[in-house]
Amino acid sequence: MSQSIMPKLGFGTFRLQDEVAYQSVLTAIEEGFRHIDTAQIYGNEEAVGRAIKDSGVARGELFITTKVWNDKLNKTDFINSVKESLTKLQLDHVDLLLIHWPSPANGESMHEYLTELQSAKELGLTKEIGVSNFTIAQMEEALSILPKGALFTNQVEVHPYLTNQKVRDFCAQNDILVTGYMPFAVGKVLKDPTIKAIADKHQVSTAEVVIAWELAHDMVTIPSSTKRENMATNLKALSLSLSQDEINQIDALSCGDRQANPDFAPDWDHDEVKTTHAWQFQGADKALALGLKAVPALKAGQILVRNLAVGINPVDWKFIQADPINWTDTHTPGVDGAGVIEKVGDGVDSKLIGKTVAYHHSLSENGSFAKHTVLYAERVMQVPKGLAANVAAALPCPLLTAWQAFSKIPLRKDEKVLVTGMGAVNKLLTQMLNHSGFEVHALSKSLTTEQAVKLGVKLVLRDAPSEGGYFALFDANGPEEAKKLVPLLQANGHVISILGRIETPVDEPFTRTISYHEIALGALHDYGDTQQWQRLVSDGEKLLNDIASGTLNVEEPTDFEFNNLNDALEFSKVQKQKAVVVV
Ligand SMILES: NC(=O)c1ccc[n+]([C@@H]2O[C@H](COP(=O)([O-])OP(=O)(O)OC[C@H]3O[C@@H](n4cnc5c(N)ncnc54)[C@H](OP(=O)(O)O)[C@@H]3O)[C@@H](O)[C@H]2O)c1
């Protein structure tokens, strides 16, 4: 069996089960696919086998791949598992047998399972052997174990958002064929504007452009589909030819956006991210525009974060509307985000690479409305396990604002406090106050009894009371509204105005001596020192843990796709609800 008879365009079967797997493979073969990719772990070898048989296509015309799963890599189970796969597939051999994943840490030695893989070939159970998800270091080790020329392919994730260039270069230098899996990033890249523009020019679909791009790079690729028309479209890509400029444009979309990354994945070879997709300011009150932007070199203390989700806050659309600090036309707004640390600058511990963090960023720096954001390592919070990225991305601004507001007053258990403006900040703040023993009253027209109970509100007031005796007032309706409620405070009381400063005190000097507080996270960005940031980050991480454990309750945000970020801004503005853009 030589490489030339492995069809460059194959058909993937991950996720396809039972009748869907059977029908999809049968239809794919009818449409013209001659290369089918399955695996023991997909649980569909039996259905795939039936479809192959019922297709009536001669065995010699088909190229069938299966993969040995992690728990069968040991000497006792390996060959038996391959024989079991062949029974299910109703075949006496496959054309290609792969190690699905390098054995997870503390598993079987590579020498042991590659020896078994080689034995499978010698026994005639497969014509070719290869690996999947192997890093460069693991391929080097595999080459030193297997006979020269035996390593047929490394099947790895490749699509326009993860070009896996380093791995592909190594394969090219060592005569190992690359099979690119998840070519569409499971559909994500099919909506990309650059790919769409190329598709429109050729009057084809984005799927065809993506497959043609994979093939132009001399890769084999294995898209999956459950629909006949999509299968037919995908096959048409074989006759689409892209220009070098178009190929370069698609190469430039790579941003390390990996889809298949289970806990047991190896320590991947990361490509350097040179450009990123970023939403850019176009002038006051104009929609943001999406475009490619160079990723700047990291300074000492900085990190590059690949955003998983971006939080939308009222401050974002307010600044886009009014442009109070004169952003340039390429400025990327966005203060909140959550993502994975991809790269670190000088002085930052490289063990942080791969950690998931949430952050609040300065309004004057390029922000979170991008696939990548440059941040200071000392200003990001690690996200605890169990807290989803979209929830984490929605938190930094409201959570840290609530915490700063809470920290303004001395802890006086059982004192009565009044909270007004029940948005995301005050819902968190109310719980912090309640947990610390304050008696919380909420002035709100819309807060339901059920919400009040959940937040720990003792009394809901629909209208401002005529008298109060409150120890503190936390207002998120604006300084003018806050000012009207100051008379409700007791002597030495506190007013914490979350949306801006109360310019002039209500009382004469030497009367009730009310303390006036203003809150703005931006103050720390511009005037904070390392110690203050350390304290805020450490407090913020404890609060994220409280949210992960359910001690603090948060509402699920509404998710938008990255390409629809302008809609998320509009939703936040009109619906006054929390929106998150999932990258
Ligand atoms: N070695 C490994 O560890 C590994 C890991 C992951 C995947 N793989 C292999 O790679 C194969 C492909 O990956 P994948 O299936 O996860 O993802 P994929 O091929 O990137 O995307 C599949 C998705 O794309 C849609 N699609 C297909 N053709 C389309 C078209 N012409 N227009 C619009 N949408 C289209 C499909 O929907 P419809 O069904 O609606 O068409 C499906 O939802 C897998 O099936 C598997 O064989 C290997």
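Predicted model: local features only at pLDDT ≥ 70, side-chain atom pairs only at ≥ 80, totals over all residues.
1. Overall composition. The protein has 583 residues, and buried residues make up 54% of them. Its secondary structure comes to 19 helices and 23 strands. Taken along the principal axes, the C-alpha atoms fill a box of roughly 95 × 50 × 45 Å. Of the contacts with a separation of 6 or more, 69% are accounted for by residues 24 or more positions apart.

2. The sheet of 8 strands. An open sheet is formed by 8 strands in the order S1-S2-S3-S4-S5-S6-S7-S8, and the pairing is parallel. Strand S1 (11-12) and strand S8 (220-221) stand at the edges; each has a single partner strand, so one side of each is left without a neighbour in the sheet. Gly180 has Thr221 of S8 as its bridge partner. In general, the strands of a sheet pair through backbone hydrogen bonds, either parallel or antiparallel.

3. Is Thr13 buried or exposed? With a relative accessible area of 1%, Thr13 is buried, because the cut-off for buried is under 20%. A polar atom of the Thr13 side chain lies 2.7 Å from the backbone oxygen of Asp37. Leaving aside neighbours within four places in sequence, the residues in contact with Thr13 are Val25, Ile36, Asp37, Thr38, Tyr42, Asn44, Val48 and Ser224.

4. Helix H2. Which residues of helix H2 (residues 45-55) are buried? They are Glu45, Ala47, Val48, Gly49, Ala51 and Ile52. These buried residues pack against H1, strand S2 (35-37), strand S3 (63-68) and helix H3 (78-89). Just after H2, Gly56 takes a positive phi of about 75 degrees.

5. Ile145 in helix H5. Ile145 is found in helix H5 (residues 136-145). Its relative accessibility is 22%, so Ile145 counts as partly exposed. Leaving aside neighbours within four places in sequence, Ile145 is in contact with Met110, His111 and Leu114. Ile145 and Met110 are 35 residues apart in sequence, and their C-alpha atoms are 8.3 Å apart in space.

6. The crossing of H7 and H8. The axes of helix H7 (residues 193-202) and helix H8 (residues 206-216) come within 8 Å and cross at roughly 100 degrees. H7 and H8 are therefore roughly perpendicular to each other. Ile195, Lys196, Ile198 and Ala199 of H7 make the contact with Thr206, Val209 and Val210 of H8. By class, this contact has 5 nonpolar, 1 polar and 1 charged residues.

7. The sheet of 6 strands. A further open sheet has 6 strands in the order S18-S17-S16-S19-S20-S21, with parallel pairing. Strand S18 (459-461) and strand S21 (515-518) stand at its edges, each with a single partner strand, so one side of each is left without a neighbour in the sheet. On average, neighbouring strands of this sheet are turned by 20 degrees against each other, direction ignored.

8. Strand S16 and its partners. Strand S16 (residues 416-420) is mostly covered, with 4 of its 5 residues buried. How many bridges join S16 to strand S17 (residues 439-443)? There are 5 bridges, and the two strands run parallel. The bridge partner of Thr420 in S17 is Leu443, while Lys416 stands opposite Glu439 of S17. Helix H14 (residues 424-435) packs on the sheet, where H14 touches S16, S17 and strand S19 (470-475). The direction of H14 makes about 170 degrees with that of S16.

9. The crossing of H11 and H19. The axes of helix H11 (residues 314-322) and helix H19 (residues 565-575) come within 9 Å and cross at roughly 105 degrees. That makes H11 roughly perpendicular to H19. From H11, Pro314, Asp316, Trp317, Ile320 and Gln321 meet Leu569, Ser572 and Lys573 of H19. By class, the contact of H11 with H19 has 4 nonpolar, 2 polar and 2 charged residues.

How values were computed
Residues numbered from 1 in each chain as written. Heavy atoms only, no water. Pairing = 2+ DSSP bridges. Buried < 20%, exposed > 50% of the residue type's maximum accessible area, 1.4 Å probe, protein only. Polar contact = N/O pair within 3.5 Å; in protein donor to acceptor, adjacent residues only side chain to side chain. Contact = heavy atoms within 4.5 Å. Axes fitted to C-alpha atoms, helices over the stretch in contact; angles between N-to-C directions. Parallel < 35°, antiparallel > 145°, perpendicular 65-115°, else oblique. Nonpolar A, V, L, I, M, F, W, Y, C, P; charged D, E, K, R; others polar.
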